[in-house]
Number of protein chains: 2
Amino acid sequence: MKKLINDPSNYVDEVVAGMCLAYPDVYAVDGETARILRRTRAAKGKVGVVSGGGFGHIPVFAGYVGDGLLDACAVGDVFASPDMNPMLEAVRFADTGAGVLCIVGNYGGDRMNFDMTCEMAEMEDIATARVIVSDDVASAGPDEAEKRRGVAGLVYVFKIAGAAAKAGMDLAATTAAAQKASNACRSIGVAMSSCTVPQAGKPTFEIGDMEIEIGMGIHGEPGVWRGPLQPVDAVTDTLLDHLDRDRPLGQGDRVSVLVNGLGATPVEELFLIYRRLHKRMSNAGVEIVHPMVGNYATSMEMAGASVTIMKLDGELEQLLSVPADCPFWRNL
Amino acid sequence: MKKLINDPSNYVDEVVAGMCLAYPDVYAVDGETARILRRTRAAKGKVGVVSGGGFGHIPVFAGYVGDGLLDACAVGDVFASPDMNPMLEAVRFADTGAGVLCIVGNYGGDRMNFDMTCEMAEMEDIATARVIVSDDVASAGPDEAEKRRGVAGLVYVFKIAGAAAKAGMDLAATTAAAQKASNACRSIGVAMSSCTVPQAGKPTFEIGDMEIEIGMGIHGEPGVWRGPLQPVDAVTDTLLDHLDRDRPLGQGDRVSVLVNGLGATPVEELFLIYRRLHKRMSNAGVEIVHPMVGNYATSMEMAGASVTIMKLDGELEQLLSVPADCPFWRNL
């Protein structure tokens, strides 16, 4: 295992500590275990926005703590759901009287623990709501869309929810905006190499020297197609064809797109994907607003990329444009 | 060669096109070959700031075109100096009457071509100045510091020069500020894997499965030590020891630090480096201002990282804090 790390069993805590040391105006931890990353000060008088999930996807999840984004985030082990305790502490921190929205990637452990967390919070008279993010079209068909995994679409849902809460919307309205964002996101990825979980010490899966896999999950879950490497334009077309079949876009539609690197792919190659995507969208009469190109939702040293398309309406476009402040978000 | 690219001979032009399509408010190209990346509009009434260099290091060089940074940048082939023509076009674009500062990484081709460019520009009555960046302490000893390669320190010099020009300093003062920044920067890197030049099609160098190299250049130039992988704290200590020997820092010093990923290293690991670095600096009584952690100067899919320390005085600290706007810069 060729990683720049110390003892694998301290990996998560040490990375979180590094994040807080590098950005002390944005991030702070509660408790000794560094499993709750939160804003340095709770933002009063607004709905709290919380998430949580397994580690190894930075900036997802905890990197998006910041003004106009998440107020707090529970941090799990690598690729493992956080316990209920840090989730509940995150909810308590984020609640300043207006209730708390929990944004949950669609994974069994995360859902179960957030369900229990919200039950516990309600017993403490904290109003809660949940939005499940399930944007990965490769992980289940449209008739079973509720089974899809949550991947880079999380970033958009964090952003929309954070902007809605910052704008003073109440819990119901913030939740509705976040749910709308979640419904509007579709993603699919391509993997070129595996990641390695530090405590496992070996690659999560094997892939040939000139082989790629379409539809791979961000923990290395199997995709929908494996075959030889192709030119980036062809790979991009394949990704977009999958997204198009799931939700056709056409003349006059407005979208935001995220071309996301999985961790080890040069940003140059992400711009090649964006170039092809832009051409396809232009040809179809689809307008791109606020594109993002970079590493937004990663799998440590996995090489590859994903494309997320969020179809916009006026409300989503407005909320997307509200400035936010975290080290991993670029304002319009 | 496992890359998400099209024809290697179109690699540079297509990436640059993608950058301009993704960020049309920031970047534009002149000419058919996309070898001059420039701001969408020339900023009038200030010193122009220009750079240029080989491709494959995005965001260095061209990614730093933007408000408060570079006005224009000449784009070469992968790891090859741009020709004089795009350099001269970049200088012409950036000149709005106050002269142009050229920031040049310390490589033979870049230096020679910028020397000729400035001579040609002077014949057109454009006042020019040059600052050479040579921050890589591993590439030559302190007695031959003028031979050192320019690496991630370029980012700081771009930022300081851009801020000085934006603040209305004249060419001499902008040049002096940029030269001070260059003198204040020291860098060293560690490589874990090689990059691959698209037109070469195979890795630039071989390195063992569990081997690392300290002091490697951003084109794969040989480093100063090769040996077995160590824990990240030990690797960080080695990097910092090299920097310390070259320029000791102590109680009361103020620095900015850039923990830079070379392209394929997970950001999580960069935060581990930052964590150790922060501890060392704290123990030494050195204050860190505006740390940066991320991929700022890359070598495509090279895994590894570099550490750059810029020692601050009041002027550098003030100029560093001036807001800038490009997709790859995060303001304080």
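Begin with the salt bridges across the interface of domain 1 of chain A and domain 2 of chain A: in this predicted model, the rule finds 3 of them. To view a salt bridge at close range, select Lys180(A) and Glu315(A), whose closest N and O atoms are 2.5 Å apart.

Next, display the polar contacts across the interface of the two domains of chain A. Here 22 residue pairs are found, both residues of each pair being at pLDDT 80 or more.

Now select the helices α4 (153-166) and α5 (171-184) of chain A. Each supplies at least two residues of the side of domain 1 that touches domain 2. The largest share of that side, 7 residues, comes from α4(A). Colouring this side of domain 1 by residue class shows 23 nonpolar, 7 polar and 6 charged residues.

Then step back and colour chain A by domain, with residues 8-184 as domain 1 and residues 185-320 as domain 2. The C-alpha centres of the two domains lie 22 Å apart. Their contact takes 36 residues from domain 1 and 40 residues from domain 2.

Finally, turn to the area of the interface. How much area do domain 1 and domain 2 of chain A bury between them? The value is about 3200 Å², with 64% of it on carbon and sulfur atoms. To see where domain 1 contributes to this area, select Phe79(A), Tyr156(A) and Ala184(A). These residues lose the most area to domain 2 on the domain 1 side, and together they account for 23% of what that side buries.

Definitions and conventions:
Residues numbered from 1 in each chain as written. Chains lettered and ligands numbered in written order. Predicted model: local features only at pLDDT ≥ 70, side-chain atom pairs only at ≥ 80, totals over all residues. Heavy atoms only, no water. Domains from an automatic or database assignment. Contact = heavy atoms within 4.5 Å. Buried area = accessible area lost by both parts, 1.4 Å probe. Salt bridge = Lys/Arg side-chain N within 4 Å of Asp/Glu carboxyl O. Polar contact = N/O pair within 3.5 Å; in protein donor to acceptor, adjacent residues only side chain to side chain. Helix = DSSP H or I, 4+ residues; strand = E, 2+ residues; numbered from the N terminus. Nonpolar A, V, L, I, M, F, W, Y, C, P; charged D, E, K, R; others polar.
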